[in-house]
Amino acid sequence: MSATDTPVSLPTPDTAQRSPWGEVLHSLLRSGTFLTGLAIVVFWIVCALFGQHFVPYDPLASDIIDALTPPAANHWFGTDQLGRDVFSRVIVGSRDILTVAPLATILATIAGTALGLVIGYFRGIVDDIVSRVLEAFMAIPVVIIALLAIVALGTSKITVIVVIGLSFAPIIARTVRSAVLAERELDYVAAAKLRHEGALHTMFVEILPNVIPPILVETTVRLGYAIFAVATLSFMGFGIQPPSPDWGLSISSNYGMIGGGFWWTVLFDALAIASLVIGVNLVADGVHGAFND
Amino acid sequence: MTDPRQAANALELKDLSVAYRVGRRNRAVLRNVNLTIKAGEAYGLVGESGCGKSTVALSVVRYLPRNGSITGGSIALDGKDVMKLDAEALRRARADSVSMVYQDPGKALNPSLRIGRQLTEIFELAGVTGQAAEDKALAMLNRVRISDPAGVMQRYPHQLSGGMQQRVAIAMALANDPSMLILDEPTTGLDATVEAEVLDLIGQLRRELSASILFISHNLAVVSNMCDRVGVLYAGMLVEEGSTRDVFNDPRHPYTVALLRCLPSGGQRKDQGRLDTIPGFLPGIGANIVGCAFADRCALATERCRAEPPPLYELGDGRLSRCHYHDKAQSLPRATPAEIAAAQPKQAPPVLQVEGLNKTYASHGRPLRAVKDVSVSLRPGETLGLVGESGSGKTTFARLLLGLVAPDDGGSIELEGKKLAPRLASRSEDQVKAVQIVFQNPDSALNRSHSIRHILSRALKRLGGLTGKKLDNRLEELVRSVRLTDRHLAVKPRQLSGGLKQRVAIARAFAGDPRIVVCDEPTSALDVSVQAAILNLLADLQSRQDVSYIFISHDLGVVRYLSDKIAVLYLGRIMEFGPSEAVFSGPHHPYTEALLSAVPKLDRSESARIRLDGEIPSAANPPTGCVFHTRCPRKIGAICETKEPELAEAQPGHTIRCHIPYDELARLQKPKAVEPA
């Protein structure tokens, strides 16, 4: 045995430096974009959770006598054709969209990630076939898929979640695939092969943790689109069903009134949708920036 | 070689201090650096990574990153204070008088513009337009002795090899006829043969141009060949300066002494002793240094060194040393004892027997023979060194052994007498754990999401078949065998230095008691002192566990230190195979001769210089006859172009693929001074 056996003095690992996730959190908390978006989103979440306790009227209570009154001191945003208080409806109107859209996004993320890992990892014929199928799938508008699904499954929140989740999954799968294609060329994947690791271990234990950042970015971006899609489906009558005070649904049932000058029955719901989508997109922008600094 | 025409110094740094702002704190990177480069002089700056070499270069042109700032001192280019220049004057200075050449020419050139466009652009900036600019660009390419300059003008950067790209980058740097040329590791990413060509070119250009050169390199031998004077940087301080000859032959700072000792030189071999290392680590940037910065790593350090910062002592003849005991520097004791147990003669049956291995890829419908008819054998405890330029098939051969790529049908790989399946998936568990690899780049080889404990435990579980308490015990043993400690287990790879990461990678390869470990350039990303420690570790593990290595490296000194046998590859074919000493001392294949001659030597002892012309041909379209004939300096005639020579036995165990008979090779290569083993 040589005398080199004594461990050379090694420096204490620099634990003072932030972990990669700490780094991301740090830059998120310093990003104005992210914080603004977060404030908007949190506002709507609070409204969804506790709105019914502080709104001035029951959002579902109709009062035909007071129907279609313009914005005033007792009805800030006016009333709709059934005399329901528009302000109260807008405040609690986020309840359904804020459960359906995130659930759909989570479904899309899980399905898309699994699919993307598989096609990115195996490449070859699996990738060729699945990728073409996904592309074909992506070419069909969500609305058509929704129409078919509703005919087949009937209208329910679950249908909406499944339809949006599955139609967004291919987009996430594509993002994951391209990240996996870069990762699988790294030597740690070869090292896993040289331990006879199974494909599942290599994909989910070795590669997955390293592709989380692009997945997170894509998920937040998708959430914005999912909100938009849920509102669209509701507007078309395929999504959330009455008597929910859902924004898309409210616009759908009132937009015929715009011609009559009753703009307030539609405008505030539309602004609400826009603000939530913008809020989520700002968050997505912030997350993207934090990971790509 | 100093040109005394101009009196003004080309570059003068006075008390230059630079800091990088990290985590709201200014951390000193350069500390009061004084440095003068006279007109026409070539000045070399050496030191390990993190010493501040590149920061010096960036400061000179005020290209520091956004968080960097010059906290004190002054920089004068041609007598003009760079710090006082306004934006326009600074732009003019950068355009007219300073040029930089960076390490990676691929990144320095614009990938979407033709070479001609990029070159003429520089002249257009200087007011020359149209045909005149194009003519000048062509003249520049001629000047850097690129073959077919007119053709190169029409090409895009990716269509050129690394060496040609670097020539173009040098041409661009010289286009403005700079008075100061800064070369930051200009040959680091290049093959030894290409490096030699580029260095020759720089040497020739020096004689033609008046430019002063600041040459930054971690490679001491390169600097010793290129520069008149050299400065050694340590922790942002100049610790030694003097003429190149003096500093390298008679170093007066313990750090320089230690750096020089880390290099496997003069044909040193593993069975003749371990390499010396430098204990400890470079102080982190911004560290508060009391006393001498090197004291913690210096065996000569006394109380005085730890308390009192040494000034730059003037030793006469323009020599400077920042050491209180500069007169005793060379008595620095070794940090690693040289002696090792005598190696037993190896008579065991071969652990690895490769016969007629081929690998053909399809490249644009044409077969590309990456490995052709390779046969080697290796005994337990031996190292097979694989050498050759990039593209010679070294890595493909290693991947064939590992089963990561399947070879063509025919040919066989036998491990301890048993045939290895071509594909990894069809090999048995025992065979899989018996052949492992240490990759070149630990950042890619270690999963960045996993802790060191996870990485090593998983390897022990899968390769060692261990669980529970047994696994924990073995883990502790394994960690100690690569000289890490428990502390390192909890962290992620990114929290470790390059050398420590490579130790983890080595530990992983050894988790299942392998018979053969492929080492694919394991030290090429490391500093010399860390390289020495890793090479020692590999040699120790080998002598203890009787493991065999397949060692791939472009650094022939490193290969020679560790190898018992050498295979020289060219276009996937073995050109020479034999015991390490026989291959290195010659007579050898003309290609081996050229490879050896390309290695820059510290003592400038080169006698016969052989340079290979042109590029390594494409394996998809190899030359007829002997594949090396297009570049062979000893080509004898038509037979070389028509008939591929056999790998013929020159001496027992030593085979050479050449039409020139062995005795004739011996006669031709005789004038070359044989290095003492």
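Helices (H or I, at least four residues) and strands (E, at least two) are DSSP runs here, numbered from the N terminus. With that settled, welcome to a predicted model, in which local features need pLDDT of at least 70, side-chain atom pairs count only at pLDDT 80 or more, and totals for chains, interfaces and linings use all residues. Residues are numbered from 1 along each chain as its sequence is written, while chains are lettered from A and ligands numbered from 1 in the order in which they are written.

**A cysteine in a loop of chain B**

- B:C51 sits in the loop that runs between β3 (42-46) and α1 (53-60) of chain B.
- B:C51 is buried because 25 other C-beta atoms lie within 10 Å; the term buried asks for 20 or more such atoms, exposed for 12 or fewer, and partly exposed covers what is in between, with C-beta atoms placed from the backbone.
- Leaving out residues up to four places away in sequence, B:C51 touches B:L233, B:Y234, B:A235, B:G236 and B:L282, where contact requires C-beta atoms, placed from the backbone, within 7 Å.
- B:S580 is 529 residues from B:C51 along the chain, and their C-alpha atoms are separated by 35 Å.

**Nonpolar cores**

- A nonpolar core is a set of buried Ala, Val, Leu, Ile, Met, Phe, Trp, Tyr and Cys residues joined through C-beta atoms within 7 Å.
- The largest nonpolar core has 267 residues, of which A:V230, B:L214 and B:I550 touch the most other members.
- Helix α9 (residues 199-235) of chain A gives the most to this core, contributing 14 residues.
- Not counting residues up to four places away in sequence, B:L214 touches B:L11, B:I37, B:Y43, B:L45, B:A57, B:M180 and B:I182.
- Another core, of five residues, lies apart from the largest one, and its members include B:A650, B:I656, B:I660 and B:L665.

**A helix pair in chain B**

- The axes of helix α18 (residues 498-509) and helix α19 (residues 528-545) of chain B come within 10 Å and cross at roughly 15 degrees; axes are lines fitted to C-alpha atoms, for helices over the stretch in contact, and angles run from 0 to 180 degrees between N-to-C directions.
- That angle makes α18(B) roughly parallel to α19(B), a label for angles under 35 degrees, whereas those over 145 are roughly antiparallel, 65 to 115 roughly perpendicular and the rest oblique.
- On the α18(B) side, B:G498, B:G499, B:Q502, B:R503 and B:I506 meet B:V530, B:A533, B:I534 and B:L537 of α19(B).
- By class, this contact of α18(B) with α19(B) has five nonpolar, three polar and one charged residues; Ala, Val, Leu, Ile, Met, Phe, Trp, Tyr, Cys and Pro count as nonpolar, Asp, Glu, Lys and Arg as charged, and the others, Gly among them, as polar.

**Backbone features to check**

- Most residues other than glycine have a negative phi, and most peptide bonds are trans.
- The peptide bond from A:P242 to A:P243 is cis, with omega near 10 degrees, and A:P243 is in the loop between α9 and α10 (247-254) of chain A.
- B:D78, in the loop between β4 (68-77) and β5 (80-81) of chain B, has a positive phi near 50 degrees.
- B:D513 has a positive phi near 45 degrees and belongs to the loop between α18 and β19 (516-520) of chain B.
- B:D513 counts as exposed because it has 12 C-beta neighbours inside 10 Å, whereas B:D78 is partly exposed, with 19 other C-beta atoms within 10 Å.

Methods
Contact = placed C-beta atoms within 7 Å.
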